[in-house]
Amino acid sequence: MDLHLFSQFLISGLIMGVLYCLMSMGINFIYGIMKVINWSMGEFFMIGAFIQYLLLESFIGSEYWYIGVIISACAVFVLGALVQVILIKPMFVGIIEAKMEYVTIITIALAIFLRNLALLIGGPYIYTPPDYAKPTQLLTLPLSGNRLVAFIGALVLLGLFYFFIKKSWTGKAFQGVAQNRAGVQTSGVNVLRYDMLAFGLGTALAGAGGALMAPIFSVHPLCGLAPTIRGFEIIVIAGLGSIPGILVAGLLLGFAESLGSAFISPSFVDIYGFILLVIVLSIKPYGMFGKAERTV
Amino acid sequence: MSFFKIKKVSFLAVIFIGLGIMTWCMPPSTATAGEKPVKIGLLSPFSPPGDAASGQRMKWGAELAIKYINEEMGGVLGGRPVKLIVEDDAGTPADGIAGYRKLVQKDGVVGVVGQYHSSVCIAVNKVARDLKVPLFSSGASSPKITESENPFIFSIMSLTPDRSKFWVDFIKNMGGKRIAIAAEDTDYGTGFTTWVAKYAKEAGMEVKSIIFPRTITDLTPLLLEIKAWKPDFLVNIGVPPAAYLLTKQAYDIGLFPKVHMIASFAWPARDEFWNAVGDKGKGILYNSYYKPGMNMTDLGEWMSPRYIKLHDEVPTFFSLNVFGEIIVIAQAINMAQSDDPQKIAKALVQWPYKDWNGIVDFKEPHGVKWHSVSAPNIILQQTEVRQKFTDSKLIWPIELGGDGKIE
């Protein structure tokens, strides 16, 4: 393989790695705060993509795609927060302790419901919003403008999210909830309110991802499935609850898929992530950045 | 004769004459509503990961077939209406088997049409052999289906070996020497990969084939490798949405349209294709089995304008095929003089039947041609963005009106 092609694979892997990070960040954040896994994350991704498509085709036009991304993220935030209040919150007993199995069932049921609802409303068809930018070149790799926009957009969103968590008061409160749900209440933090915000924010990240990637992966009822699978792979590789781990694991997954395709075969692109996952777990059972939880 | 008797006779005469006039005015062919309906099943993909857009169009074709049988043929077996029962196979073998079992064992259908995905049809075919109810492959092309020599499988479709040879001949005639194949990891994709490679090597051509997962979203690594190999033609053996993503991403990395792309069936003729790829689909070549305007029988001529009126688009091959298959079953029911599926299967082989584009005659030679009637293959090209099926340019073969020139 020549160096030119190898560099193309590397850049392609880098871009996909960052896009995967955005997807898994939402899942990871919700788990970090609420200690529940939202199995319907792909469907929030899909809803974000559908809203973006509708906005660009019928309301704001393709030149304002970035406004569409913001509106999609906000709309998914509201929907996510409502879902948390109506479906997830009642599963919490004693304010802080969730019945994990109920949340799993509820979010899987929600995923099936939302997927079928999309099928009912949008039909079995595939939609794609207009391009966000013209085809371009990133170093040696010719690529669509959409992919470059999504790459930059994902970096910006991840950066903003990191800044929000680390620097803002609300972010610090989130960190407190993540560290000790019972203890943080003594500081006056309303844990259930932060749960709602966390669920909304996590799903909004997925919605923004769906809106950003809509012209790349197209919009249809199952468009959130593949990013969600990658998202779960990443959080297991990274270790549940670790934000820096997500970035490292996302990039590793992107490179593993791309270089696996280059040196072995593109036919097994879905398997490389799982091989990476098995290798990481065999060395570090709690993931690269995960910590063993104390059990009492 | 008393006054009352005369009045009574006159009254009865008026009633009989009235009834006679009403009967004369009514279409003589309308099925008797009170009779127990004969049920025919449609088992097609209506949800992902199946090609639900094709499933929807097959359903539209099936609905018109039922209308034709009940209103124009007067039903079957002397007036019994025909009823359509629809099941979703979602493009997966497990759903296909469950759907076929439900149609046969719960609904009591006498025949099932609409099989589209090869992997599903191969799985359902095994169950059809056990349950002994005719199963029609309307779009599945794997040779494994008819090679099974199942007495209850019937195929009206261009099968993989024929289509592969047709593509290789076409590419050779267009001066191509290097063929890249990107195929999905199903019986459909892997079957084509094998057969195209076989015929291409026999023709002295070089082949590079890559299989991709059906649910793939990022095909860039695969396409970069193909681009570096510098093919003359790229055969896209995917089913939407992966087939659309492959087209779009091939354009994005500068592979297509510099390298000619052939779609393995007529998905570029759908409006949905243009919605998905925008102007990046211009120039794509695709395999079809008919082009609007080609000769049809009176059945096809009956169906086509009604379909256009109802759905604002020309019927696809698959919608016409399902339409024809249901009418073939109806004719077989009449010839068998029975709604027993086993007798219908025998009747299907015993006599030829009129279809939407000609006569179908199911023979029983050993191997892939078992109960198989092949449709003709043609290569069309979308020379304009959002070009309609009707306006696609016919490229190949020359004897069917193609000009042999790719734009």
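Helix α8 of chain B lies across β6, β7 and β8 of chain B and runs at about 175 degrees to β7(B). Angles run from 0 to 180 degrees between N-to-C directions, and axes are lines fitted to C-alpha atoms, for helices over the stretch in contact. Helices (H or I, at least four residues) and strands (E, at least two) are DSSP runs, numbered from the N terminus.

This is a predicted model, in which local features need pLDDT of at least 70, side-chain atom pairs count only at pLDDT 80 or more, and totals for chains, interfaces and linings use all residues. Residues are numbered from 1 along each chain as its sequence is written, while chains are lettered from A and ligands numbered from 1 in the order in which they are written.

**Confidence**

The model scores ipTM 0.84 and pTM 0.84. The pLDDT is the predictor's confidence in each residue, from 0 to 100. Chain A averages 89, and 96% of its residues score at least 70. Chain B averages 91, with 92% of its residues at 70 or above. Over residues 19–29 of chain B the pLDDT is below 50, and this stretch has six contacts in the model beyond near neighbours in sequence. Two residues are in contact if their C-beta atoms, placed from the backbone, lie within 7 Å. Within chain A, helix α3 (residues 65–88) has the highest mean pLDDT of the elements, 96. Strand β2 (residues 97–98) of chain A has the lowest, 64.

**Where the chains meet**

The contact between the chains takes 34 residues of chain B and 31 residues of chain A. On the chain B side, five elements each supply at least two residues: α2 (52–72), β7 (206–212), α8 (220–229), α9 (242–252) and α10 (271–277). The most come from α8(B), with six residues. By class, this side of chain B has 21 nonpolar, nine polar and four charged residues. Here Ala, Val, Leu, Ile, Met, Phe, Trp, Tyr, Cys and Pro count as nonpolar, Asp, Glu, Lys and Arg as charged, and the others, Gly among them, as polar.

**Two domains in chain B**

Chain B is divided into domain 1 (11–158 + 293–373) and domain 2 (161–288 + 378–400). These bounds come from an automatic or database domain assignment. The centres of the two domains, taken over C-alpha atoms, are 31 Å apart. Each domain gives 17 residues to the contact between them. On the domain 1 side, α4 (118–131) and α5 (143–147) of chain B give two or more residues. The largest share, three residues, comes from α4(B). The domain 1 side divides into seven nonpolar, eight polar and two charged residues.

**The sheet**

Seven strands of chain B form an open sheet of mixed pairing, in the order β7-β6-β8-β9-β10-β14-β15. Two strands pair if DSSP finds at least two bridges between them. The edge strands are β7 and β15 (393–396) of chain B, each pairing on one side only. Neighbouring strands are turned by 25 degrees against each other on average, direction ignored. Strands β9 (residues 260–263) and β10 (residues 285–288) of chain B pair in the parallel sense over two bridges. Ile262(B) stands opposite Leu285(B) in β10(B). Helix α6 (residues 160–173) of chain B packs on the sheet, touching β6, β8, β9, β10, β14 and β15 of chain B. The direction of α6(B) makes about 160 degrees with that of β8(B).

**A helix pair**

Helices α12 (residues 317–336) and α13 (residues 341–350) of chain B pack at an angle of about 105 degrees, with their axes 8 Å apart. The two are therefore roughly perpendicular to each other, a term for angles of 65 to 115 degrees. Residues of α12(B) in this contact include Ile329(B) and Ala336(B), and those of α13(B) include Lys343(B) and Leu348(B). The contact has eight nonpolar, no polar and two charged residues.

Most residues other than glycine have a negative phi, and most peptide bonds are trans. Leu139(A) has a positive phi of about 55 degrees although it is not a glycine. Leu139(A) sits in the loop between β3 (136–138) and β4 (141–143) of chain A.

Conventions:
Parallel < 35°, antiparallel > 145°, perpendicular 65-115°, else oblique.
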